[in-house]
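Hello,

Here is the structure I promised to pass on to you. Have a look at it first, and then read on for what turned up in it.

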Amino acid sequence: MSDRTVREPERIVTAHRQTEGGGFIVRRPLPTRGLEHADPFLLLDEMGPVDYAPGEAVGAPDHPHRGFETVTYMLEGEFEHEDSAGHRGVIRAGDVQWMTAGAGIVHSEMPAAHIRRDGGRVHGFQLWVNLPARLKMTRPRYQEVPAAAIPEATSADGRARVRVIAGQALGVSAAIDTLTPIVYQDWTLQEGADVRLPLPEDHAVLVYVFQGSVALGDSGTAVRDGQAALLGQGAAMRLRGLPGGGRLLLLAGVPLREPVARYGPFVMNTVDELAQALADHRSGRLGEITRTAVVGRLGGAP
Ligand code: FE
């Protein structure tokens, strides 16, 4: 492979801080000023790391989604999830939940009851992956992958480590099945790490550094904590570790190149489809969460 095929950073932006859900602060590299779109990705939020005091932790109570997928990846702490289809679960440190909202779902995403009550640390990510028109009204689906089932690999020199949530790297393949071709990887690079990774040329590639700093491309362009880089064309990418090391999310996918009509938790192709989503939600067609059992489980008053 010629050096000319290595992707170089085309645009580097700094994540802004934003209040989400019930009032929790996120770092948001996408969308942000200078990076409004990264088709097929719609949004990337880093929750925390934050140390909540007792009674302080907030999440995102009941809200709907239609037309795309939400991917939750926890690094520390626990999130409880429940939805209008009766699905309920806990996403623990290192776990991934890949939720295809498709035709629609109402769900809540909250720090675990013990964190809300006693306080604790929360750190994680939520990524929104757009769905093509032909899949926007697909049946909702969950893939929940516990930390132990997420393949990990280390480079021959031991300086680069990767958790492969989607796609392939260093000879390992993800456990998750994606509806469209998606790469989602968590890379930890020590100083001196130097990894060349083939990536299909038709993929758009986004890198978000959330710890330390890394060098990208043959140019060795430094990207620091809280910065995202959109890479240019090429058949491969190059990641190098800088003094102090760094950690990043690598996201790649084939752009859908379809019109995007977006309103809050709904992402469709046309304004009419958005109006339909709102109408369906208002008339209860996306469902609601039944909570009788939950009150008992959390020990709250009836
Ligand atoms: Fe949500």
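Grid points are joined across faces, edges and corners, and a volume is the space filled by probe spheres set on the points.

Before going further, please note that this is a predicted model: local features need pLDDT of at least 70, side-chain atom pairs count only at pLDDT 80 or more, and totals for chains, interfaces and linings use all residues. Residues are numbered from 1 along each chain as its sequence is written, and side-chain values use heavy atoms, with hydrogens and water left out.

**The cavity**

The largest cavity holds about 50 Å³ of space. Its lining (residues with an atom within 4 Å of a point) consists of F24, I25, M47, G48, V50, Y52, V58, F79, P111 and V122. Strand β4 gives the most to this lining, with four residues. Strands here are DSSP runs of E with at least two residues, numbered from the N terminus. By class, the cavity lining has nine nonpolar, one polar and no charged residues. For these classes, Ala, Val, Leu, Ile, Met, Phe, Trp, Tyr, Cys and Pro count as nonpolar, Asp, Glu, Lys and Arg as charged, and the others, Gly among them, as polar.

G48, one of the lining residues, also takes part in a cis peptide bond, which runs from G48 to P49 with omega near 5°. P49 has its place in strand β4.

The largest pocket contains about 370 Å³ of space. A pocket is an open set of points with protein on both sides within 12 Å along at least five of seven lines. Of its 23 lining residues, E20, H63, E109, Q126 and W128 are the closest to the centre. Strand β5 (60-65) is among those that supply at least two residues, and β5 gives the most, with four. The pocket lining divides into 10 nonpolar, eight polar and five charged residues.

**The iron ion**

Which residues coordinate the iron ion? They are H63 (NE2), H65 (NE2), H107 (NE2) and E109 (OE), at 2.1 to 2.3 Å. Donors are N, O and S atoms within 2.8 Å of the metal (3.2 Å for Na, K and Ca), and water is not among the atoms, so sites may look incomplete. In sequence, the donor residues are spaced H-x1-H-x41-H-x1-E. H65 lies in strand β5 and H107 in strand β10 (residues 105-111), so this pair ties together parts that are 42 residues apart in sequence.

H65 is buried, with a relative accessible area of 1%, and H107 is buried at 0%. Buried means under 20% relative accessible area, exposed over 50%, and partly exposed in between (1.4 Å probe, protein chains only).

The four donor atoms subtend angles of 83 to 178°, which makes the arrangement irregular. Four donors count as tetrahedral if all angles lie between 85 and 135 degrees; four count as square planar and six as octahedral if opposite donors are over 155 degrees apart and all others between 65 and 115; anything else is irregular.

**Salt bridges**

A search of the whole structure finds 18 salt bridges, each being a side-chain nitrogen of Lys or Arg within 4 Å of a carboxyl oxygen of Asp or Glu. One of them joins R27 and D225 (2.9 Å, N to O). R27 lies in strand β3 and D225 in the loop between β20 and β21, so the pair ties together parts that are 198 residues apart in sequence. R27 counts as buried, at 13% relative accessibility, whereas D225 counts as partly exposed, at 39%.

Another salt bridge pairs D186 with R247 (2.6 Å, N to O). D186 is in strand β17 and R247 in strand β22, 61 residues apart. Both D186 and R247 are buried.

**Backbone details**

Most residues other than glycine have a negative phi, and most peptide bonds are trans. Besides the bond mentioned above, the peptide bond from D39 to P40 is cis, with omega near 15°. L170 has a positive phi of about 45° although it is not a glycine. R257 has a positive phi too, near 55°, and is exposed, with a relative accessible area of 67%.

Enjoy exploring!

Methods: 1 Å grid on protein atoms, 1.4 Å probe; cavity = no way out; pocket = protein on both sides within 12 Å on 5 of 7 lines; lining within 4 Å.
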